[in-house]
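Dear colleague,

Please find the structure below. My notes on its contents follow.

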Amino acid sequence: MEQKSFFRVIFLIVTAGFIISFTSTYFSHTPSSTTVVLDCTDTSSSPLCASRNFLFNKQQPRPIPKTDPKPKTKTHDHVSDTPNHPLDPLTLSEINKVQSILSSHALFTSGTRHALHTVVLEEPDKNLVRSWQKGNPLLPRKAFVIARVGLDTHVLTVDLSSGLVESVNSPVPVSGYPMMTIEEMNDVTSVPFSNADFNRTIISRGVNLTDVVCFPIACGWYGKKEDNIRVIKSQCFVTQGTANFYMRPIEGLTILIDLDTRQVIEISDKGRSIPIPGSTNTEYRFENLVTTTTDKTRPLNPISIEQPRGPSFVIEDNHLVKWANWEFHLKPDPRAGLVLSQVRVHDPDTLETRDVMYKGFVSELFVPYMDPSDAWYFKTYMDAGEYGFGLQAMPLVPLNDCPRNAAYMDGVFAAADGTPFVRENMVCIFESYAGDIAWRHSESPITDLPIREARPKVTLVVRMAASVGNYDYIIDYEFQTDGLIKAKVGLSGILMVKGTAYENKNQVNKDKEGNEEELYGTLLSENVIGVIHDHYVTFYLDLDVDGPDNSFVKVNLKRQDTEPGESPRKSYLKAVRNVAKTEKDGQIKISLYDPSEFHVINSGKTTRVGNPTGYKVVPRATAASLLDPDDPPQKRGAFTNNQIWVTPYNKSEQWAGGLFTYQSHGDDTLAVWSDRDRDIENKDIVVWYTLGFHHIPCQEDFPIMPTVSSSFDLKPTNFFEHNPILRAAPNFEHDLPVCEAQSVSS
């Protein structure tokens, strides 16, 4: 009897436990301590993935953790990487080999101070790469090296098989210097503190030296004063009370430094009367922000793309991306950031994989500030050629920079002494769906045809983000299944601001006519001016539409007046096609009042009805430089004089500001090359497109900027016989399980 009672008690306990478990799993409740989990990769793992009533569930406010979860452990071992494609970047072991070869070369054994400013793959000739097929022997691997030895710049080619080192025009005779190394930028931050006059200046302002940071600022070229000496300027900020030190400039204090000797040349101090802005309201880190209880903003619930069957793309051999009808080679680069190569698209009718672009990347970023005063006139940055756009690329933040379904790619670069280092999570690749429509048509009820056809627009995004000092740039290349490629630039980060004595607009001085004193920007906060500036991002686009022999066509829309009595209409538009014969025909200033399309065609390949196959450059919102063409920074940035340029392919012409941009005179730029006016009809041509932004800062940009972006498209034009996504499948309910947040005890 006692034994039966015992089993009865056990049965009741088990039953009660089952009921509690069942209730907690299937019914809404408020957990005391939970972590929100969203995982529908296996629909059988969570019964909530099948629920269709998630909109009506009563949910408690989501607790927001103040710290990030531990990042996933990296699993890629770069030590064992081997190249598999002629365009694969140098591997970690190859960079080590370059370092070893150069360490015994005569240039580097004399004891003279030296540094490696560039160590990248010397890409094989284009025709060899185009004819190479997987399974063929790999083309010879060589490294392209730019080195500074003493006060001279040398260009070297290192053969990784033979160990031979070839010099090209060494030392380099042209104006300009190579981009800075990370080590130089780091060293310059401490140089001012080795100068007693600088230290006295800081202390005289009542600021502790331990609360000051100084930032290296490339200073361009303004005449003979900067000739034959590699210099940089440094400006300083106060860190006390904030991590956002950019909002606390020590205005008017500028230190000129010899970049080779790391010595202070000159100190200019013209801002003693300007107060250092305070730290109030400058914080932007989530864990330090206080949310007021009276804020009525509805918090956003987390959002994510879930792919129950996994991603649709693959990355073969570390660098070859294949997705839907696209395939392309992708590699990080210390100067360009990332490089797309051998971009091809599959034709659903011919079943061929066709060439679209041999190579595309950001060639240069030109950022001139619009303040001619002593402490600001020189701020006209070339972010790729001076700082290295890829060197400034930061590790992307999972779930925020890139969604859950992203894959990541590391950059492997060389330090100044040749030692390789890894920039983790530098690039991410992911599929994106924002509820957009690829194509649709619904028939009107008057036709009595019950047609409701729509297709979802899913794209593949390749992304990187670079933090060049205060500014953050986001570069996206977005591939669509209809053959379109969208290049998109996002601007975020922190403004470069100027200190001022003004705390309110009503304090600004006015002249007799009531005109305000020129502030060169906008008063954003007490003692803080956001200076007006521009951003120009110039893209190198070596389009090979169905092969390398292409032509550039400007398709101009013109008004045509009708003849008297010809039509009730007085006018219409017609398309006038002009094939560019030489480079000057390919220099384009975009105008709303001169509407045109810009086609790259292959006249040797035609569609069934006789149109040459092509792609067109589709500009979006952009900006043009308003600076005087003879202004020193505009001479160096003359590649922004037009929005479009077309040049014949030349392996040595890749960097719009010249190979040696730092302190260059503007004598080796895209504008100089294009003025040669070479033939470009039915040639292997390169299109250069500049995306521009005018930025007049506003208070919403303080203390950190919401992202603003613009883009341009490369769109197929008579490339396919018809809509290439005609056969695309619609979404069906059974393909898309509905995922709901599952509460799991922490």
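Is R620 buried, partly exposed or exposed? R620 is partly exposed, because its relative accessible area is 40%; buried means under 20% relative accessible area, exposed over 50%, and partly exposed in between (1.4 Å probe, protein chains only).

Please note that this is a predicted model, in which local features need pLDDT of at least 70, side-chain atom pairs count only at pLDDT 80 or more, and totals for chains, interfaces and linings use all residues. Residues are numbered from 1 along each chain as its sequence is written, and side-chain values use heavy atoms, with hydrogens and water left out.

Salt bridges

R620 forms a salt bridge with D713 (2.3 Å, N to O); the term denotes a side-chain nitrogen of Lys or Arg within 4 Å of a carboxyl oxygen of Asp or Glu. This pair links distant parts of the chain, 93 residues apart: D713 belongs to strand β33, and R620 to the loop between β30 (612–619) and α7 (632–636). Helices (H or I, at least four residues) and strands (E, at least two) are DSSP runs, numbered from the N terminus. D713 is buried, at a relative accessible area of 2%.

In the whole structure, a search finds 42 salt bridges. Another of them joins D355 and R344 at 3.2 Å, N to O. D355 is in strand β14 and R344 in strand β13 (residues 337–346), so this pair ties together parts 11 residues apart in sequence.

Aromatic pairs

The search also finds 27 aromatic pairs. Rings of Phe, Tyr and Trp (its six-membered ring) pair if their centres lie within 6.5 Å; planes under 30 degrees apart count as stacked, over 60 as edge-to-face and the rest as tilted. Y369 and W376 are tilted, because their ring centres are 5.8 Å apart and their planes lie at 55°. F539 and F712, by contrast, are edge-to-face, because their planes lie at 75°, with centres 5.1 Å apart.

The surroundings of S363

S363 is located in strand β14 (residues 353–368) and counts as buried, at 0% relative accessibility. Its side chain reaches the backbone oxygen of Q654 at 2.7 Å, and a polar atom of that side chain lies 2.7 Å from the backbone nitrogen of A656. Not counting residues up to four places away in sequence, S363 touches several residues, including F539, Y540 and W688; contact means heavy atoms within 4.5 Å.

Definitions and conventions. A polar contact is a pair of N or O atoms within 3.5 Å; within protein, one must be able to donate a hydrogen and the other to accept it, and residues adjacent in sequence count only if both atoms are side-chain atoms.
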